Amino acid sequence: MKKLILSLLTAALSFLSAFDSPLVTYKGVPGPVTFGVPFKKGAVKDVKNLNLNGHPLQVKVNGRWQDGSVKWALFDTDLPADFKGKFTMGKAHEGELLYKNGVLSNGTVKVTFPEKGALFCYETPEEKGSVTLITKFQLDSPGPCEGENWLKKAGTAKRFRRYSSAGKRSVTVETNGPQRAVVRIEGEAGYRYIIRVTLWKNENTLRVQTTFICTLDPNENFLRSMILRIDRPGKTVQRELVTGTERFHHMVSWRKKNSPSAKGVLHDGSLTAAVKDFARLFPKELACDRKGISFHIWPENSGRVLDLRRREKVDRRYLDYVNPAGGYGVAKTHDFYLSWSNSDIAERINKVEIPAVSPEYMRATLACGEYLLPGKDFPKSNALIDFSFKYLHQYKRQGHFDGMMDWGDIPLGAHGMKDHMGEGSPESAPFRGYTGWSNGDFNMACAFYLHFLRTGDQNALRDGLDFTWHLADVDTVNFWPGDKKYQYHPGADMVGKGRRHDQQHWGTPPGDYGYVCDDGVYAYLFTGEERILEVLCLVGSNPGTNYGRFMALRLYEITGKKKFLERFKKDMELEKVVPRLENFRGNAYDGPGYIFIESIMPGFLKEKTLAGVKKYALRYHNVLLAKGYPPYVPALLACKYAPTDENLLTLKAMVYQRKKLLESDYTIAADAPMDAFDKKWKLQNLPVAALYFWISYPYVMETLRKAGITEEECLKFRYKWKDLQSTSEVLPNARFKKTPYTQYSYYSVPLECKLFPDWGVEQLLDAEGGKRFRLAVKRMKLYENGKSLGPASFPHRYIMYGSPIGWSCTGTSLMINTPDKSDPRTNKKKYVFSYTAEKDWKWQDKPSFNEKLIRIYPFPDVNKPSGTWCALLENESPDPVLILNPSKEVKMQAEAALKRHTFTENGKVIKQWKRERNILIFKTSDQTDPRTNGREYRFSYKNGKEK
């Protein structure tokens with residue numbers, strides 16, 4: 001016996017000497033906590049004997065390394081405020097399970113789950129009670145769909161239908177231990193409901209987490225009332241009410257909002273009832289009468305219905321075109337607490353704070369890959385990232401993006417900013433001509449968790465959880481009625497596959513993305529939220545490939561269920577190219593997935609990654625090739641598999657693409673007013689910022705740092721100019737295509753020759769290369785029936801919005817509008833595109849002409865008068881000098897030709913003009929409109945051979 005004890009003691013001491021326990025800190029409210037911690041490979045083999053400074057732990061393993069050691073563990077315990085402590089090995093905690101024989105009990109609070117009637121019944125020394133869910137639906141339409149508003153005025157409805165949870169339901173024990181237990185109840189009360197009842201050992205508190213899922217036809221059923229009713233003896237208490245307000249619309253200025261202030265807490269004798277996020281998730285109501293308490297999840301007193309119908313007369317491309325059913329599947333989760341021991345329960349539930357370990361420890365475990373911690377390395381990049389999360393937090397707090405359905409959304413970008421189409425409004429964040437919300441597009445929510453890993457910032461964690469809840473509930477299809485036409489899942493109800501709310505949302509289109517993926521995994525690993533894991537598992541079980549599909553492998557790691565491993569393998573078989581390098585959403589959603597594939601299955605992607613990156617890297621090694629959105633993770637994995645100069649050059653070039661953004665000033669106080677943050681915001685929009693800097697960029701920084709490459713070295717990188725060969729091609733009329741986007745008006749035509757885009761390239765070149773590029777753009781020409789159609793240097797957005805002058809080149813295609821607004825597909829005109837290389841260019845004179853200006857437009861935007869005008873000439877003037885360092889003779893010829901031009905207004909010479917090929921840009925003598933002032937404008941040229 002002594003030998004056995006000595007052997008066990010020796011083994012324990014040996015384990016302790018090898019286990020470098022992290023310091024766990026907790027600054028939250030005293031009470032029960034649930035939190036996740038990763039461990040280094042080989043550090044922890046068994047968790048049953050772990051304690052936290054003597055505090056007993058309930059532990060669940062959520063992942064193991066290849067050697068079987070613990071990778072992620074979820075802990076439940078009870079901690080005081082300002083706690084600091086380390087894990088120690090001690091006696092296994094063998095406390096009694098909180099759920100036994102159909103009863104959930106901690107010795108003081110007892111909960112039972114009857115087969116019918118109440119959802120559950122509870123009993124304490126002071127009282128007995130029961131809980132039921134009741135819903136009421138309005139069957140009469142509340143009027144036309146408003147589109148931008150979920151909260152529709154109920155109107156004068158006469159037909160209603162009521163439901164109760166008293167009918168058939170299922171009861172499942174999801175978590176059961178000595179510190180915390182969770183029982184799940186599922187049934188239907190009109191809508192499908194899922195209710196989780198949580199009880200802790202050392203706190204006489206019940207969390208009743210209610211999730212409802214809209215499964216009724218949204219065109220015929222409008223939610224009027226939803227009540228979680230607690231029947232108990234009670235006192236009459238002043239009711240607390242928050243109703244829907246006129247200011248709740250999708251895009252109202254945050255400057256005009258006043259946040260609801262109701263706290264959502266009722267004290268009734270020994271019982272405290274509290275609702276998490278009560279004020280911001282309006283409409284809500286807590287009421288108490290002589291028989292009990294009512295939590296009005298949707299209060300009838302608000303005078304509103306939940307309207308999930310589709311917007312009418314809206315381009316279907318911006319809606320969920322795969323599922324024509326409308327608002328099916330929208331879900332929402334609420335946390336309601338009943339406490340007989342903690343009158344301050346609202347303080348704890350409304351400020352999420354989890355015990356945490358240091359960022360240095362998190363990084364050292366390698367459980368989330370190798371990313372760079374904030375510090376002296378890559379200072380400009382870290383400053384931008386730090387500003388971004390301050391910005392997001394401030395935007396969220398001051399914006400008050402409130403409402404039962406919409407908490408978690410955030411506009412696409414800064415108020416007043418212009419999008420890349422030139423659209424803007426002082427009170428909105430537009431995108432492609434309309435305002436929108438970012439949702440989870442480009443996996444933005446995942447960035448919050450990476451920022452928490454890197455900094456320990458609990459604000460980032462809280463913000464990430466808000467986004468994730470919104471994605472898991474509203475943005476993920478939680479119910480999709482069976483559709484025999486759907487190729488991946490014929491005839492069966494399903495979960496997942498894209499956004500649900502189509503009111504002015506951009507960022508989660510239907511096909512294959514928009515639901516929780518890696519962000520949801522992080523949320524579960526850090527907090528243990530069963531509802532999040534449930535949605536992940538449902539989505540991860542869907543057949544077919546989709547963005548974020550690598551989540552299935554992580555679910556296999558968490559749950560050990562082989563169906564997720566099989567799903568991952570099947571997806572890999574369906575993919576011809578992995579990793580994806582061409583698609584920006586593939587990069588955004590799949591990037592974290594590649595990180596975790598490498599963590600779970602080292603080397604699995606090696607062969608395909610090296611082959612794909614070698615091919616794609618050519619884009620980053622040649623300034624003339626379009627770069628697209630950066631496939632950061634495949635590129636950095638290539639550096640890991642093969643740390644060659646070529647692969648490192650690809651990463652350096654990717655950082656260099658962001659030079660302009662990185663060198664801006666992002667110094668700002670965390671509590672600065674929102675206007676100050678908006679003025680410093682330089683990125684195009686939030687999803688693009690996520691793709692560029694938040695999701696995978698910290699992994700890039702670490703890869704370069706380990707290779708000895710500094711941020712300064714990346715930003716000093718420059719491309720050398722390399723000219724193309726001269727080319728000319730006829731553009732067949734049949735190849736022209738009209739834009740499918742209704743807000744634009746232009747035609748595009750692909751080029752057989754692959755050129756360079758006519759804008760942006762000079763930013764990537766050295767000084768001389770930039771000059772050569774700008775001259776090269778001017779050597780591109782487009783002719784219609786032998787007449788030049790003007791310069792190619794017009795911004796894309798002017799062409800896209802119908803400008804009949806100029807044209808633009810994307811590198812692979814041209815964008816134009818014909819001068820007479822005819823359709824190039826049917827006007828039978830001949831279009832020829834040509835490019836003259838620098839070595840082939842020669843100055844050539846043109847024939848004399850004298851023409852009256854007829855087609856006159858504002859310049860540069862034909863739709864916005866600016867005091868400067870332009871006219872499309874019938875005749876082409878000689879080129880200016882279009883090569884660098886021309887001969888003296890060529891310069892003299894060009895200068896002489898310029899002097900042979902004359903511009904007149906009613907016969908009087910005007911000096912305020914310039915020309916670009918066959919476009920004349922000018923101002924009138926008195927700044928009047930040349931289209932309406934009744935004067936004649938002429939432009940003439942004399943050939944150099946004429947006397």
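In what order do the four strands of the open sheet stand, and is the pairing parallel or antiparallel? The order is E38-E39-E43-E42, and the pairing is antiparallel. Two strands pair if DSSP finds at least two bridges between them. E38 and strand E42 (913-916) are the edge strands, and each pairs on one side only. From one strand to the next, the twist averages 25°.

Some ground rules come next. This is a predicted model, in which local features need pLDDT of at least 70 and side-chain atom pairs count only at pLDDT 80 or more, while totals for chains, interfaces and linings use all residues. Residues are numbered from 1 along each chain as its sequence is written, and side-chain values use heavy atoms, with hydrogens and water left out.

Now the whole chain. There are 22 helices and 44 strands. Helices (H or I, at least four residues) and strands (E, at least two) are DSSP runs, numbered from the N terminus. Of the 947 residues in the chain, 60% are buried. Buried means under 20% relative accessible area, exposed means over 50%, and partly exposed lies in between (1.4 Å probe, protein chains only). Contact means heavy atoms within 4.5 Å. Among contacts between residues at least 6 apart in sequence, 71% join residues at least 24 apart.

E38 and E39 run antiparallel and are joined by three bridges. Across this pair, Tyr857 stands opposite Cys870 in E39. The loop between strand E38 (856-858) and strand E39 (869-872) holds Pro860. The peptide bond that leads from Phe859 into Pro860 is cis, with omega near 5°.

Strand E17 (residues 191-200) is worth a separate look. Nine of its ten residues are buried, so E17 is largely enclosed by the rest of the structure. Strand E16 (residues 180-189) runs antiparallel to E17, and ten bridges join the two. Glu188 has Arg192 of E17 as its bridge partner. The hairpin of E16 and E17 has one residue between the strands, and Gly190 takes a positive phi there, near 80°. On to the next strand. Eight bridges join E17 to strand E18 (residues 205-213), again in an antiparallel run. Here Arg192 stands opposite Ile213 in E18. The hairpin from E17 to E18 passes through four residues.

Phi of Asn101 is near 55°, a positive value in a residue other than glycine. Asn101 sits in the loop between strand E8 (99-100) and strand E9 (103-105). Its relative accessibility is 80%, so Asn101 counts as exposed. Asn443 also is not a glycine, and has a positive phi of about 65°. The loop between strand E28 (434-435) and helix H5 (444-455) contains Asn443. Asn443 is buried, because its relative accessible area is 1%.

Turn to helix packing. Two packed helices are described by the angle between their axes and the distance between the axes. Helix H4 (residues 379-399) and helix H18 (residues 697-706) pack at an angle of about 165°, with axes 11 Å apart. H4 is therefore roughly antiparallel to H18. Axes are lines fitted to C-alpha atoms, for helices over the stretch in contact, and angles run from 0 to 180 degrees between N-to-C directions. Angles under 35 degrees count as roughly parallel, over 145 as roughly antiparallel, 65 to 115 as roughly perpendicular and the rest as oblique. H4 passes H18 in a left-handed crossing. A crossing is left-handed if the near helix is turned anticlockwise from the far one by less than a right angle, and right-handed if clockwise. Ser381, Asn382 and Ile385 of H4 make the contact with Tyr697, Pro698 and Met701 of H18.

The cysteines come next. A disulfide is a pair of cysteine sulfur atoms within 2.5 Å. By this rule, the count is zero. Cys368 counts as buried, at 3% relative accessibility. Cys639 is buried too, with a relative accessible area of 5%.

One last stop is Met800, in helix H21 (residues 796-800). Met800 has a relative accessible area of 12%, so this residue is buried. Met800 and Tyr741 are 59 residues apart in sequence. In space they are 9.8 Å apart, C-alpha to C-alpha.
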